[in-house]
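Please read these notes with the model open beside you.

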Amino acid sequence: MTKNVAAIGAGPSGLVAARWLLRQGFEPIIFERAPTLGGQWAGLHGRSGVWPSMHTNSSRTVTAFSDLEHTTDHVYLSNREVLDYLHRYADTFGLTSRIRLGAPVELIRRDPAGWVVRHTGTDRHFERVVVASGRFHAPAIPTVPGLETFSGPAGAISTYRYRDGSTYRGKRVLVAGCAISALEIASELAELGAARVVVTQRRQRYIAPKFVAGVPSDHRLYTRHGALATEHLAAAEIDQMLKEIVVSAAGSPDQYGAPAPDPSLSTAGVTLSQHYLPLVAEGRISVHPWMKSVAGCTVTFADGHAEQFDGIIFGTGFRLSLPFLSDDIRAVLDLDAMHLDADRYTFHPDLPGLAFMGLWDQSGGYFVPLELQARWIAYTWGGAIPAIAEGDQRSAIDAYRANRGTSQKTRMDLAALTFARAAGVEPSLDNWPRLRRALLFGPLAPSCFRLEGPDALPDAAERFERDAARFGAITSNDMTAREQGQWSRVQAADSGLSRPASRLRWARAAPPPTTRRRFQ
């Protein structure tokens, strides 16, 4: 049998999976239900939550794959620039001709010879399948008593259906939720002339701006040091470390007139938004507690306050939806609206030849961990690295199941480090002394994961050094006193001890012996 693989979805995860499978000698075919590639970034109404004026909340440095740079100098890209990048990526790596557009997958099932993919009524057999259909397609609308009676002329929709803020000009709008899309849309509505904008939240999150002193916030929030510290230090210490970064950048929301968040950042959560808090401070956005009930166009909040609205927009997250998986696959995965039992959201030992891409819920940019997950899949199937032992996979799944019912939000740095270790491409600090500070406290640029391991690039060090210094945050290898103190705490926690079990929620299985090194 040829090494044929079906990739479901032609968004970033499907494209990067196909690129690395092709590199390992596989013959991927990409099935895409839409008439164009790009997934969410195609911006198609009804199939994408990307609205025309939306820009990325992750910087250009980490909104890229390791072997294709952007052609723009914009730090935060427009959705059109991201889509153009994905088209260039597909063309550069010979993927465009492998995409079957307008081919929605109706069923994936097991077969004695491998896997069967049904699309447009036709069954095709494949040796392997990668499910890369996206995590953010099924909006989760919470239950609110009386919501079905809402009679405001602008209706009640999810942010997934939002397209044009000007249609709300002069209207009273309630935005529900505290995720990025909710706060960005509330900000846009206030700036485009809505008569009144109210945000309703179950809890107040901390808010970090996109830029701090000219440096993108994701360069500070998501670092290798942060991931290592999370692995080795007490949760309370990590919480305080991250809170200091956020509060020193933007203060606390209550200083702007928003409610005070929980003292613990991990309990409250954090959202990136450049304009939201200043608009709250100016009175152009008001913040209320969560909704108690809806009756006609009147919304009553938990504090008893009632107000009339013309429209409601829900930015309250997404359900995990994979309707094309057969019943027996769903049973193995114990799939529900939030959870999927798999070793690091990728493999299940009872489903050999099936892998999943990009199905975890994350804060921070997806491109870097997506590429690392794709390399792990391709290297494992292609034999470039040893496969994970079945016992380790089951241990990882058991660890994940033990955390069902808790928050599933995972930071970008934790996801990237997890997949880098699994793929055998986490660079050793000892091997790169002149890059030591950048590798610890610099951005998790994709170039740093091409320094060593399979597919290392000869110019990776030069590229990473440039990426780390781009915004002036890392310009030398001399750690500041603060950085040295932080790193010493992590080293002291590990000194004289065997490496503890990772606290990463779905990364507890040990990496292959060939990739396991102390602090890498």
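1. Buried area is the accessible area (1.4 Å probe) that two parts lose on being put together, summed over both. For domain 1 and domain 2 that area is about 2,300 Å². Carbon and sulfur atoms give 57% of it.

2. Ground rules. This is a predicted model, in which local features need pLDDT of at least 70, side-chain atom pairs count only at pLDDT 80 or more, and totals for chains, interfaces and linings use all residues. Residues are numbered from 1 along each chain as its sequence is written, and side-chain values use heavy atoms, with hydrogens and water left out.

3. Domains. The chain is divided into domain 1 (4–137 + 320–426), domain 2 (141–316) and domain 3 (429–492). These bounds come from an automatic or database domain assignment. The centres of domain 1 and domain 2, taken over C-alpha atoms, are separated by 28 Å. In contact terms (heavy atoms within 4.5 Å), 33 residues of domain 1 meet 28 residues of domain 2. Two salt bridges cross that interface. A salt bridge here is a side-chain nitrogen of Lys or Arg within 4 Å of a carboxyl oxygen of Asp or Glu.

4. Helix α12, residues 412–423. Helices (H or I, at least four residues) and strands (E, at least two) are DSSP runs, numbered from the N terminus. The expected span of a helix is 1.5 Å times one less than its number of residues. For the twelve residues of α12 that gives 16 Å, and the end C-alpha atoms are 16 Å apart, so the two agree. Is α12 mostly covered or mostly uncovered? Mostly covered: twelve of its twelve residues are buried. Buried means under 20% relative accessible area, exposed means over 50%, and partly exposed lies in between (1.4 Å probe, protein chains only). M412, F419 and R421 are among the buried residues. The cover includes helices α4 (218–221), α5 (224–232) and α10 (367–382). It also includes strands β23 (362–363) and β24 (410–411). Just after α12, G424 takes a positive phi of about 75°.

5. A charged residue of α12. R421 is buried. R421 also forms a salt bridge with E231, the closest N and O atoms being 2.8 Å apart. Side chains of opposite charge can pair when their charged atoms come close.

6. Helix α15, residues 481–494. Its 14 residues should span 20 Å, and its end C-alpha atoms are 20 Å apart, which agrees. Which residues of α15 are buried? They are E483, W487, V490 and D494. An α-helix has 3.6 residues a turn, so residues three or four places apart point the same way. The buried residues of α15 pack against α5 and α13 (436–441). The face turned away from the buried side carries the exposed residues A481 and R482.

7. Two loop residues to check. D455 lies in the loop between α13 and α14 (460–469). Its phi is near 65°, a positive value in a residue other than glycine. D455 counts as buried, at 15% relative accessibility. D334 lies in the loop between α9 (327–333) and β22 (354–356). The phi of D334 is near 50°, again positive and again not in a glycine. At 32% relative accessibility, D334 counts as partly exposed.

8. The D334 network. The side chains of R401 and D334 meet in a salt bridge (2.9 Å, N to O). R401 lies in helix α11 (residues 390–402) and D334 in the loop between α9 and β22, so the pair ties together parts that are 67 residues apart in sequence. Salt bridges that share partners join D334, D336, D341, R401 and R404 into one network. R401 is partly exposed, with a relative accessible area of 37%.

9. Other pairs. A search of the whole structure finds 33 salt bridges. One of them joins R450 and D67 (3.7 Å, N to O). R450 lies in the loop between α13 and α14, and D67 in the loop between β2 (27–31) and α2 (79–92), so this pair ties together parts that are 383 residues apart in sequence. Both R450 and D67 are buried. D123 and R118 form a salt bridge as well (2.8 Å, N to O). D123 is partly exposed at 33%, and R118 is partly exposed at 29%.
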